[in-house]
Amino acid sequence: MGRISSSGLTLIEIGALVFTLIWLGVVVWFFLGLPEDQSRTTLGNSMGLVTTILGAFLPLALVWVAASAARTAQTMRDESARMRAAMETMRATYISNLQQNSDALKRDIDARLEQVSHAQAVLGAELAALQKPETSAELAAPARPPLVLPQQPALALETEPEADPLPTEDFIRALNFPENERDQEGFDVLRRALKHHDTARLVTAAQDLLTLLAQDGIYMDDLSVHRADPVLWRAFADGTHGADVAALGGIRDRSSLALTSGRMKDDPVFRDAIHHFLRTFDQVFAGFAATATDGELTAFANTRTARAFMLCARVAGTFD
């Protein structure tokens, strides 16, 4: 019921049209069957004329109003069905795009994790090679009898000469780490920096922490930094903590902060790595800030190590 026929009319409208023709035929037959004097009386009286017209055409009006309402309802049902079909199509397209984007994001994360793991493995190998005691030459050389001086006591401990002072630009470059496994200049700077005990401690602590953060997809290069005034860095180096230097916590990425905070609560190894890194950072940075210029402090704040400090110090409550 209500379907549109090939002529464009619904079944209800066709029925209304048939009813109209039959009704008009009945009305004509009725008036033709009346006596002439009665017909004149009925049509001559105004009230009779109005009543006759209403009686003849009111049923037709009601029928066509009903047919029009039925056609409108059918049109609305058709539009509703088309809208539902369009919404289902849009929903299917959205889900398909969401799945494709999710797959692409997962592949990108996997690729980045693989790159980071490879770079960390190369960096770890370099650090291990640089920190390994050079004993191979001693083991290969023939044993020598100790030289005994009769009038001189033997020395209990020999100390290696300290390395030359590390230039500030090398200190900053080392704490930013090599860009990738092909960054030969970065590795050269790192080798020189690891000959200095304090710098080596901070580099090792930072590398361990960055490796753990990368496991959660947190990369220092992806984090935007709100720069702090060098005056605040100097105040922090002098021992000022808490809200007075809160602007140093320039990492405000909510997802990274939430991931770091959650893992710090649940993973004791991760928590110990953060505390060790922050303690080492405090000790080494104080010596660096004592001689650094404002420009050097600004450059230091852009390193990966400084960004890791900003992130972890906020999570650990250093600026509370």
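I began with Arg263, which I count as buried because its relative accessibility is 15%, and buried means under 20%. The model I am reading is predicted.

Next I looked up the partner of Arg263, and I found that its side chain meets that of Asp216 in a salt bridge, at 3.3 Å from N to O. The two residues are 47 apart and link distant parts of the chain, since Asp216 sits in the loop between α7 and α8 while Arg263 belongs to helix α9. Asp216 counts as partly exposed, because its relative accessibility is 31%.

I then turned to Arg304, which forms a salt bridge with Asp221, with 3.1 Å between the closest N and O atoms. This pair also links distant parts of the chain, with Arg304 in helix α12 and Asp221 in the loop between α7 and α8, 83 residues apart. I noted that Arg304 is buried, at a relative accessible area of 11%, and that Glu179 joins Asp221 and Arg304 in a network of salt bridges.

Which residues of helix α8 are buried? I listed Pro230, Trp233, Phe236 and Ala237. Seen down the axis of α8, these fall within an arc of 115°, so they line one face of the helix. Among the elements that cover them I found α10, α11 and α12.

I also followed Arg234, whose salt bridge with Asp294 has its closest N and O atoms 2.9 Å apart. Arg234 lies in α8 and Asp294 in α11, so the pair ties together parts that are 60 residues apart in sequence.

Lastly, I checked both ends of α8: at its start, a side-chain oxygen of Asp229 comes within 2.8 Å of the backbone nitrogen of Val231, and just after the helix, Gly239 takes a positive phi of about 110°.

Conventions
Residues are numbered from 1 along each chain as its sequence is written. This is a predicted model: local features need pLDDT of at least 70, side-chain atom pairs count only at pLDDT 80 or more; totals for chains, interfaces and linings use all residues. Side-chain values use heavy atoms; hydrogens and water are left out. Buried means under 20% relative accessible area, exposed over 50%, partly exposed in between (1.4 Å probe, protein chains only). Helices (H or I, at least four residues) and strands (E, at least two) are DSSP runs, numbered from the N terminus. The arc is that of the directions from the helix axis to the C-beta atoms. Contact means heavy atoms within 4.5 Å. A polar contact is a pair of N or O atoms within 3.5 Å; within protein, one must be able to donate a hydrogen and the other to accept it, and residues adjacent in sequence count only if both atoms are side-chain atoms. A salt bridge is a side-chain nitrogen of Lys or Arg within 4 Å of a carboxyl oxygen of Asp or Glu.
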